[in-house]
Amino acid sequence: MVSRRTLLSSPVAFAMMSLAPALAQVYPSRAIKLIVPFPAGGANDTMARLLAQRLSSSLNQPVVVENQAGAGGTIGTRAVAHSIPDGYTLLMAAVSTVCIASLLYRLDYDPTKAFAPVALLASDALALVASPSVPASTLLELINYAKANPGKLNYGSANGIAPHIMMELFKIRAGVNIVHVPYRGGAPMISDLVGGQIQLTINNKSILLPHIASGSLRALAVTSAARWSELPNVPTLRELGFAEIPTETWFGIVAPALTPVHVIERLDAAISEGLKSPEVRAGFARLGVAENIGNARQFAALIADEIPRWAELIKLTGARLD
């Protein structure tokens, strides 16, 4: 247990005491920074920008998206964890940065304690896709080719995120040797996959679907419980015998721990309103993500459930940072 003396001597607590008069003012009274811990162009970034635009109007203050990528999203996440908890620095969070990071990285913050959940935004199914250069049009053909050519194929993902763990689980269950190539984020990885520098990935529907539709990537399976309406002929991993692989990832907004309750409630209400707006709903529909609106309490419960689930998967796969 943290003593009262220790708490009051901490830099954050001191800052909070200093800012107490300001926090009593109407929130927000200045610009809000929304940190995306991955490069521009990925699912996190696109959703954050859609939401930020709406929140700027709702809160009558600018909401500025700032990309701080690297180390599986932990650089940007750390920046928010160590920010003053006044509601002016927020994180575009995902299962990878809030639940998985603490299981793989040595961090100077605890993601399970460093944040105050604000609102759940959306869930996103994934797909296992291949470059057209891979001589396989089905998942069984891919498995057979990979078994005949161990170590010849590679796949891309950021280190220590959900797609990384999911692909490692697939490799174990399929009995194949496919080499992991780490990336800073989804956008640069997809660029190399389309360009033929790597051959495979499991990644989010929101960034893969346009490339699948154009023919620059070939979908071999989807992770969702049911087939995608956009790809009715592509089977689910569950259909193909890989029921242990998670079906989706999720995204939400968190603030630093100790952020005042009235600030969390103000943000929660504004985000909920924004997610129901025609502009945001249309933007999410274009991405192919499903709205998954949840308040702060529901979001906190989801995080608590997810951590032991991913801990078990990491233990099962022996996944590590490359």
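This report looks at one strand and a few salt bridges in a predicted model.

## Ground rules

Because the model is predicted, local features need pLDDT of at least 70 and side-chain atom pairs count only at pLDDT 80 or more, while totals for chains, interfaces and linings use all residues. Residues are numbered from 1 along each chain as its sequence is written, and side-chain values use heavy atoms, with hydrogens and water left out.

Let's start with strand 9, which covers residues 248-256. (Strands are DSSP runs of E, at least two residues, and helices are DSSP runs of H or I, at least four residues, both numbered from the N terminus.) Is strand 9 largely enclosed or largely open? Eight of its nine residues are buried, so the rest of the structure largely encloses strand 9. Here, buried means under 20% relative accessible area, exposed means over 50%, and partly exposed is in between, using a 1.4 Å probe and protein chains only.

Which strands pair with strand 9? Strand 3 (residues 89-94) does, in the antiparallel sense, over four bridges. Strand 4 (residues 115-130) also runs antiparallel to strand 9, and nine bridges join them.

## Salt bridges

Next, the charged side chains. A salt bridge here is a side-chain nitrogen of Lys or Arg within 4 Å of a carboxyl oxygen of Asp or Glu. By this rule, the count comes to ten salt bridges.

One of them joins D108 and R78, at 2.6 Å from N to O. D108 sits in the loop between helix 5 (95-104) and strand 4, and R78 in helix 4 (residues 74-81), so this pair ties together parts 30 residues apart in sequence. D108 is partly exposed, at 46% relative accessible area, and R78 is partly exposed as well, at 39%.

## Two pairs further along

K205 and E230 also meet in a salt bridge, at 3.1 Å from N to O. K205 is in helix 9 (residues 205-214) and E230 in the loop between strand 8 (218-222) and strand 9, so parts 25 residues apart in sequence are tied together. K205 is buried, at 10%, whereas E230 is partly exposed, at 38%.

The side chains of R227 and E239 form another salt bridge, at 2.8 Å from N to O. Both R227 and E239 lie in the loop between strand 8 and strand 9, twelve residues apart. R227 is partly exposed, at 37% relative accessible area, and E239 is too, at 45%.

Notes:
Two strands pair if DSSP finds at least two bridges between them.
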